[in-house]
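Dear colleague,

Please find below the structure that I am handing over to you. My findings follow it.

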Amino acid sequence: MGLIYQTHTRRRDTRPYFLPLLAFRARKSMASLREIRRRVRSVKNVAKITKAMEMVSASKMRRAQRNTQATRPYAERMRTVMGELTTRAGQQLAHPLLTQRADVRRIGLVIVTPDKGLCGALVTNVLRTASRFVLEQRRLGREVEVLTVGKKGRDFAVRTHLPLVAEITGLGDSPKLIDVLSVATNVINGFSEGRYDEVFVVFTAFVNTLSQKPERRRLLPIEPPAQPTGGARVDYTYEPGQGEVLNALLPRFVEVQLYQTILESIASEHSARMAAMRNATDNAKELVRDLTLSANKARQAAITKELAEISAGSLR
Amino acid sequence: MPFRLEIVTAERIVLSDEVDQINVPGAAGRMGILPRHEPLLTSLIPGELDIIKNGERTPFAISGGFMEVLPEHVTILADTAERADEIDEARAEAARRRAEELMRERRSDQEMLLAEAQLRRAMVRLSVARLKRGGRRAGPGGGLE
């Protein structure tokens, strides 16, 4: 009389597809007790690892969040200055980086992704947003060139044969502004020289610890922030001159905006990884429970069988 | 009658305080800003930024940026800004030597320009750091020389 084990069925759809070790299902045939125990041990070890990764991500996330918040004042002050500038200078304000082109043919797209995976659907989501955008633009007859920040984006561009013109990888968890300047300079020059008519960035906005959302934002031409007008104001005195100040200020504005999207993406990455690892740990624990139950049943079955054999023998 | 001064860099808020006067390295020359200055927008060059509050002077080293002046409020968007006593003199010195080295190698124009900018920045940091040290000499635990 054989005891049929209950097979492990998928209980949740949230099972981490990225951890094949956890995709274990007990076999239909009778698994030996030793085999089940081995599985329990291995799943427990996986749970330890994912738990550790969760905690590492939690601390990295906190730091990334701090970094993001630290940049905000600069970006906000800059936006205020730009708003003030537009209201004060009014129509006189003209600069190539502010000018919308009548005929948009070429697009520069910056894709911001993590270097590493194991962060749930985050990478997929960003890349889906990017692909959709590229297809949309192509349908409008526009060419799209891609610049990537992060290894996943680079791999994606290579895989899908997108024209990749620049890439940064290995930025680490708290990049400085200077680390991302190369990409910013690249798109600003590209825009000024007419290689791009518009430049966009696709990144993962950090909504909160539980929610991150892929977003697309236009970098160039710059849309000057609207400022509540308090009547006519005197224009600034510019030193050395309006043109020179704008020449320095506007590129910096683009740089800072890009920098912020990167910091936000990093904070999102760590939050997503933390959640993914928590799920993985939970699932592993559930598996351990199920497997332990199976092991106990197998043990019981063995004992029952032995007893039956003994009693059958004594009857004779 | 003091005015509000904010110094921010892309990485942090360096200072937010009520001050009496500031002297900044403007692109068109060094300038002093007193309260009720007319609206002004200027780019800044690497140099020493002095903040004067209650007759006390605090020097900063900045490596360029922008300044927006409004009558009651001044915002400095600096590329980098460090208070004199935060500057690691040994590191600044090392950076200066590195930059000089690069200049001697004289490769492309672009690298030359970069090295020059680095050198200028290092020199500013050094001079500002020394300025502070000159003020309060012979503290314990110097040991830089």
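A residue is called buried here if 20 or more other C-beta atoms lie within 10 Å of its own, exposed if 12 or fewer do, and partly exposed in between. By that criterion, buried residues account for 34% of the 316 residues in chain A. Please bear in mind that this is a predicted model.

Chain A: overall make-up

The secondary structure of chain A consists of five helices and six strands. Read from the N terminus, its elements follow the order α-β-α-β-α-β-α-β-β-β-α. Of the contacts in chain A between residues at least 6 apart in sequence, 77% join residues at least 24 apart.

The sheet of chain A

Chain A contains an open sheet of five strands, in the order 3-2-1-4-5 and with mixed pairing. Strand 3 (164–168) and strand 5 (211–220) of chain A are the edge strands, each pairing on one side only. From one strand to the next, the twist averages 25 degrees. As a reminder, the strands of a sheet pair through backbone hydrogen bonds, in either the parallel or the antiparallel sense. Strand 4 (residues 198–208) of chain A is antiparallel to strand 5 of chain A, and nine bridges make up their pairing. Within that pair, Arg218(A) in strand 5 of chain A is the residue opposite Phe200(A).

Helix 4 (residues 181–192) of chain A lies across strand 1, strand 2, strand 3, strand 4 and strand 5 of chain A, at about 155 degrees to strand 3 of chain A.

Helix 3 of chain A includes Val158(A). Because Val158(A) has 13 C-beta neighbours inside 10 Å, it counts as partly exposed.

The nonpolar core

The largest nonpolar core has 104 residues, and those touching the most other members are Leu109(A), Val110(A), Val183(A), Val187(A), Val202(A), Val254(A) and Leu258(A). Helix 5 (residues 242–315) of chain A gives the most to this core, with 23 residues. Domain 1 (3–84) and domain 2 (88–135) of chain B both contribute residues as well, so the core lies between them.

What does Val187(A) touch, leaving aside its neighbours within four places in sequence? Val187(A) is in contact with Gly108(A), Val110(A), Leu147(A), Tyr196(A), Val199(A), Leu219(A) and Leu220(A).

Chain B: hairpin and domains

In chain B, strand 1 (residues 3–8) and strand 2 (residues 13–19) run antiparallel and are joined by six bridges. These two strands of chain B form a hairpin, with four residues between them. Ile7(B) has Leu15(B), in strand 2 of chain B, as its bridge partner.

Chain B is divided into domain 1 (3–84) and domain 2 (88–135). A distance of 22 Å separates the C-alpha centres of the two domains. Each side of their contact is made by nine residues, nine from domain 1 of chain B and nine from domain 2 of chain B. On the side of domain 1 of chain B that touches domain 2 of chain B, the elements giving two or more residues are strand 5 and strand 6 of chain B. Strand 6 of chain B provides the largest share of that side, four residues. The residues of that side comprise five nonpolar, two polar and two charged.

The contact between the chains

The contact between the chains takes 22 residues from chain A and 20 residues from chain B. On the side of chain B that touches chain A, strand 1, strand 5 (40–53), strand 6 (56–70) and strand 7 (73–78) of chain B each supply at least two residues. Strand 5 of chain B gives the most to that side, with four residues. By type, the residues of that side are ten nonpolar, five polar and five charged.

The two chains also pair strand to strand. Strand 6 (residues 237–239) of chain A runs parallel to strand 5 of chain B, and three bridges join them. One of the bridge partners is Leu40(B) in strand 5 of chain B, which stands against Thr237(A).

Yours sincerely

Conventions
Residues numbered from 1 in each chain as written. Chains lettered and ligands numbered in written order. Predicted model: local features only at pLDDT ≥ 70, side-chain atom pairs only at ≥ 80, totals over all residues. Pairing = 2+ DSSP bridges. Axes fitted to C-alpha atoms, helices over the stretch in contact; angles between N-to-C directions. Contact = placed C-beta atoms within 7 Å. Nonpolar A, V, L, I, M, F, W, Y, C, P; charged D, E, K, R; others polar. Domains from an automatic or database assignment. Core = buried A, V, L, I, M, F, W, Y, C linked by C-beta atoms within 7 Å.
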